[in-house]
Amino acid sequence: MDKGWLNRVTVIFLTITVLVIVLMLGSTLHRTSRITLPSSGPASGQTAVTGDALTVIEVTPETVQAAVATLSRPEEYRRTVTVEQLWQGGSGTYETEVAVSGGWTRTDRTFPGGRVRHVITDGEVTHIWYDREAAVYTVPAGGISADDEQTIPTYEDILNFSAGEIVLADYREISGVNCIFVETAADEGGYVLRYWVSVDTGLLAASERLLAGEPVYRMAALTLDQALPTAEDFTLPDGTVLLETEEG
């Protein structure tokens with residue numbers, strides 16, 4: 001057999017093999033990460049948008065804790081939290097600007113009268129000042145978490161509910177945000193909690209607290225701001241920089 005012909009066949013074979021390997025690697029490298037929610041059985045027709053994929057899942061009171069456990073909060077983000085507190089014959093609403101970077105959280109809460117309460121905390125030490133005042137109160141954080149400073153429930157508490165405390169759980173949208181929804185049974189005081197946890201950001205997007213079927217508390221934080229926190233967000237009035245961010 002002609003050796004030249006054999007050489008040409010060998011070259012063609014090697015070229016095809018290399019192209020196949022390149023295509024396989026390219027497909028692997030371009031595959032993005034996604035959140036995969038667990039299912040304990042056949043899907044119930046609910047569809048979640050998670051990253052670049054559609055994942056058919058089943059979320060029930062029995063499986064929701066495992067689903068929530070797969071979520072995690074972003075390391076850095078900025079958003080506005082709106083809280084409404086309701087009582088018989090009235091209600092009050094206020095907004096809190098929130099900036100988070102690593103273990104640090106800054107909240108700027110505007111009260112109905114216009115006064116602004118500024119807080120920067122790392123969970124161990126909390127710095128507090130009002131409006132444009134120079135005086136800063138620095139105190140141990142104690143049991144007051146960054147979520148408490150935002151006056152929002154800690155949705156990870158869902159993981160600590162016992163059997164029977166969760167009476168409803170499914171997948172649903174709220175204002176276009178894809179969420180895991182959880183509703184609890186009434187506690188000893190008669191209060192029912194509702195959570196909407198975003199599957200895209202891993203953050204609590206909305207929450208309600210009801211008494212006798214009527215809301216007494218609502219919160220919503222449905223979108224994230226485009227701009228990430230900077231060192232200025234974690235700087236005290238006297239110029240002390242508590243956290244140097246990448247941009248700072």
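Predicted model: local features only at pLDDT ≥ 70, side-chain atom pairs only at ≥ 80, totals over all residues.

Visitor: How many aromatic pairs does the structure hold?

Guide: Two rings make a pair here if their centres lie within 6.5 Å. Go by that and the structure's number of aromatic pairs is 3.

Visitor: Is the pair of Phe-181 and Trp-196 stacked, edge-to-face or tilted?

Guide: A pair of aromatic rings is described by the distance of the centres and the angle of the planes. Planes under 30 degrees apart count as stacked, and over 60 as edge-to-face. For Phe-181 and Trp-196 the centres are 4.9 Å apart and the planes are at 50°, so this pair is tilted.

Visitor: Which residue has its charged end over the ring of Phe-181?

Guide: There's a charge over the ring of Tyr-191 as well, where the charged end of Arg-209 sits 3.9 Å from the ring's centre. Over Phe-181, the charged end lies 3.8 Å from the ring's centre and belongs to Arg-172.

Visitor: Which element gives the most to the lining of the largest pocket?

Guide: The largest pocket holds about 340 Å³ of space. It is lined by 16 residues, and the closest to its centre are Arg-106, Asp-108, His-118, Trp-129 and Glu-232. Two elements give two or more residues to that lining, β4 (90-101) and β5 (104-110). With 3 residues, the one that gives the most is β4.

Visitor: How many charged residues are in that lining of the largest pocket?

Guide: Sorted by class, the lining of the largest pocket has 5 nonpolar and 2 polar residues. Its count of charged residues is 9.

Visitor: Is Thr-107 buried or exposed?

Guide: Thr-107 is found in strand β5. Beyond its neighbours within four places in sequence, Thr-107 is in contact with residues including Val-98, His-118 and Gln-150. The relative accessible area of Thr-107 is 2%, and under 20% means buried. That makes Thr-107 buried.

Visitor: What is the volume of the largest cavity?

Guide: The count comes to 1 cavity of 30 Å³ or more. Among the residues lining the largest cavity are Arg-73, Asp-147, Tyr-155 and Leu-203. By class, that lining has 5 nonpolar, 1 polar and 3 charged residues. The volume of the largest cavity is about 30 Å³.

Visitor: How far apart are the C-alpha atoms of Ala-221 and Val-83?

Guide: Ala-221 is in the segment after β13 (214-220), and is buried at a relative accessible area of 5%. Not counting residues up to four places away in sequence, Ala-221 touches Arg-79, Thr-80, Val-81, Leu-204 and Ala-205. Along the chain, Ala-221 and Val-83 are 138 residues apart, yet their C-alpha atoms are separated by 9.0 Å.

Visitor: And the whole protein: what share of its residues count as buried?

Guide: The protein has 3 helices and 13 strands. Of its 248 residues, the share that count as buried is 35%.

Key:
Residues numbered from 1 in each chain as written. Heavy atoms only, no water. Phe/Tyr/Trp six-rings, centres within 6.5 Å; stacked < 30°, edge-to-face > 60°. Lys NZ or Arg CZ within 6 Å of the ring centre and 35° of its normal. 1 Å grid on protein atoms, 1.4 Å probe; cavity = no way out; pocket = protein on both sides within 12 Å on 5 of 7 lines; lining within 4 Å. Points joined across faces, edges and corners; volume = space filled by probe spheres on them. Helix = DSSP H or I, 4+ residues; strand = E, 2+ residues; numbered from the N terminus. Nonpolar A, V, L, I, M, F, W, Y, C, P; charged D, E, K, R; others polar. Buried < 20%, exposed > 50% of the residue type's maximum accessible area, 1.4 Å probe, protein only. Contact = heavy atoms within 4.5 Å.
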